[in-house]
Amino acid sequence: MLKLAANLDWLFTDLPIAARFAAAQAVGFRGVEGLFLWQHPLKHLQAAQRETSLPVVLMNAPAGNWAQGERGLAAQPDRDNEFHHSLNVARDYATALGCRRVHVMAGLRCDDLALHAQRDLLTNRLRIACDVMADAEIDVLIEPLNSQDMPGYFIDSFPLAESIIHEVARKNIGLQFDIYHCQKIHGNVAKNIERYFTLIKHFQIASVPYRHEPGAGELNETWLFDFIRKMNYQDWIGCEYQPSTSEPDSLNWMTPYL
Ligand SMILES: O=C(O)C(=O)CO
């Protein structure tokens with residue numbers, strides 16, 4: 001049995017937040033995750049969690065002005081106050097919801113800042129993030145994102161994420177390995193899972209190339225799930241995809257894993 005979590009900012013999004021928890025539970029997801037959970041009143045999330053008993057397994061920290069194209073604050077100069085505020089919000093929500101993983105997004109490459117200077121800024125900010133989260137026993141995750149979907153995102157490859165994680169050098173930093181992004185950036189998914197396995201604290205999945213449910217694209221997810229299982233991965237796989245059809249049909253892929 002896989003520990004599959006529904007990403008509530010990709011699935012069931014036509015429903016209010018409490019109903020998204022309930023819909024995830026009804027179809028057999030064992031946990032939930034989300035990018036924008038902090039946009040909802042905490043008491044609504046806590047009530048939904050109580051009703052469904054679904055753990056919140058991953059949440060993103062506030063990532064700047066998303067509507068205006070921002071994709072994180074950690075590598076953005078002159079945003080210290082906002083960055084600290086976003087960490088506090090994420091830590092408070094995660095603590096109240098029992099969530100042990102927070103994705104701290106870097107944001108986009110700034111052309112007017114030398115690459116090494118922006119990288120140093122990111123590394124220092126991630127150390128701060130790890131220190132803020134450590135007391136609450138929360139891990140900070142970073143994730144490479146493919147440049148077709150997120151042009152200009154600072155962490156645009158797995159080797160870069162790996163070297164940043166080593167530079168940050170905190171116990172509570174780790175890699176969010178999205179199989180969809182890996183295939184789009186590098187291909188060679190299984191070999192890359194092996195290569196980065198010791199850094200991985202969370203997987204995400206969507207089919208390639210259209211970011212639909214597993215089984216709707218070029219990868220053999222059944223084989224990959226088996227591969228991950230054989231590597232003795234015990235943690236969560238977040239389902240972060242856009243359903244290809246009406247949701248009931250697009251959830252059939254889960255049946256063998258429930
Ligand atoms: O865009 C993605 O893939 C993310 O997981 C952002 O958190």
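Phe36 has its place in the loop between β2 (31-34) and α2 (42-52), where helices (H or I, at least four residues) and strands (E, at least two) are DSSP runs, numbered from the N terminus. Phe36 is buried, with a relative accessible area of 17%; here buried means under 20% relative accessible area, exposed means over 50%, and partly exposed lies in between, with a 1.4 Å probe and protein chains only. The structure is a predicted model, in which local features need pLDDT of at least 70 and side-chain atom pairs count only at pLDDT 80 or more, while totals for chains, interfaces and linings use all residues. Residues are numbered from 1 along each chain as its sequence is written, and side-chain values use heavy atoms, with hydrogens and water left out.

Which residues does Phe36 contact, leaving aside its neighbours within four places in sequence? Phe36 is in contact with Asp9 and Trp66, where contact means heavy atoms within 4.5 Å. Phe36 and Asn60 are 24 residues apart in sequence, and their C-alpha atoms are 6.6 Å apart in space.

## The annotated active site

An unreviewed UniProt entry places the feature "active site" at Glu143 and Glu240; UniProt positions are given in the numbering used here, feature names are shortened, and annotations may be inferred rather than shown by experiment. These residues span 98 residues in sequence, yet no two of their C-alpha atoms are more than 13.3 Å apart, so they gather at one spot. The lining of the largest pocket includes both Glu143 and Glu240. On a 1 Å grid over the protein atoms alone, a pocket is an open set of points with protein on both sides within 12 Å along at least five of seven lines, and lining residues have an atom within 4 Å of a point.

Glu143 lies in the loop between β5 (139-142) and α5 (158-168) and is buried, with a relative accessible area of 4%. Not counting residues up to four places away in sequence, Glu143 touches His103, Tyr153, Ile155, Gln176, Asp178, His181 and Gln204. The side chains of Glu143 and Gln176 are joined by a polar contact of 3.3 Å, a polar contact being a pair of N or O atoms within 3.5 Å; within protein, one must be able to donate a hydrogen and the other to accept it, and residues adjacent in sequence count only if both atoms are side-chain atoms.

Glu240 is placed in the loop between β8 (237-239) and α9 (247-250), and at 6% relative accessibility Glu240 also counts as buried. Beyond residues up to four places away in sequence, Glu240 touches several residues, among them Asn7, Trp10, Glu33, Asp178 and Arg211.

## A buried glutamate without a salt bridge

Glu213 is found in the loop between β7 (200-205) and α8 (221-230). Glu213 is buried yet has no salt bridge, and the nearest side chain of opposite charge, that of Arg211, is 11 Å away. Lys and Arg count as positive and Asp and Glu as negative, while His and the chain ends are not counted; a salt bridge is a side-chain nitrogen of Lys or Arg within 4 Å of a carboxyl oxygen of Asp or Glu. The side chain of Glu213 does, however, take part in a polar contact of 2.5 Å with the side chain of Ser244.

## Salt bridges across the chain

How many salt bridges does a search of the whole structure find? The search finds 19. In one of them, Arg125 pairs with Asp80, with the closest N and O atoms 3.2 Å apart. This pair links distant parts of the chain, with Arg125 in helix α4 (residues 115-134) and Asp80 in helix α3 (residues 80-97), 45 residues apart. Arg125 is buried, with a relative accessible area of 2%, whereas Asp80, at 38% relative accessibility, counts as partly exposed.

Arg101 forms a salt bridge with Asp139, the closest N and O atoms being 2.8 Å apart, and both residues are buried. The side chains of Arg119 and Glu167 meet in a salt bridge of 2.4 Å, N to O. Arg119 lies in helix α4 and Glu167 in helix α5, so the pair ties together parts that are 48 residues apart in sequence.

## Helix α5

The buried residues of α5 include Phe158, Leu160, Ala161 and Ile164, and among the elements that cover the buried residues of α5 are α4, β5 and β6 (173-178). At the start of α5, a side-chain oxygen of Ser157 reaches to within 3.2 Å of the backbone nitrogen of Leu160.

Key: 1 Å grid on protein atoms, 1.4 Å probe; cavity = no way out; pocket = protein on both sides within 12 Å on 5 of 7 lines; lining within 4 Å.
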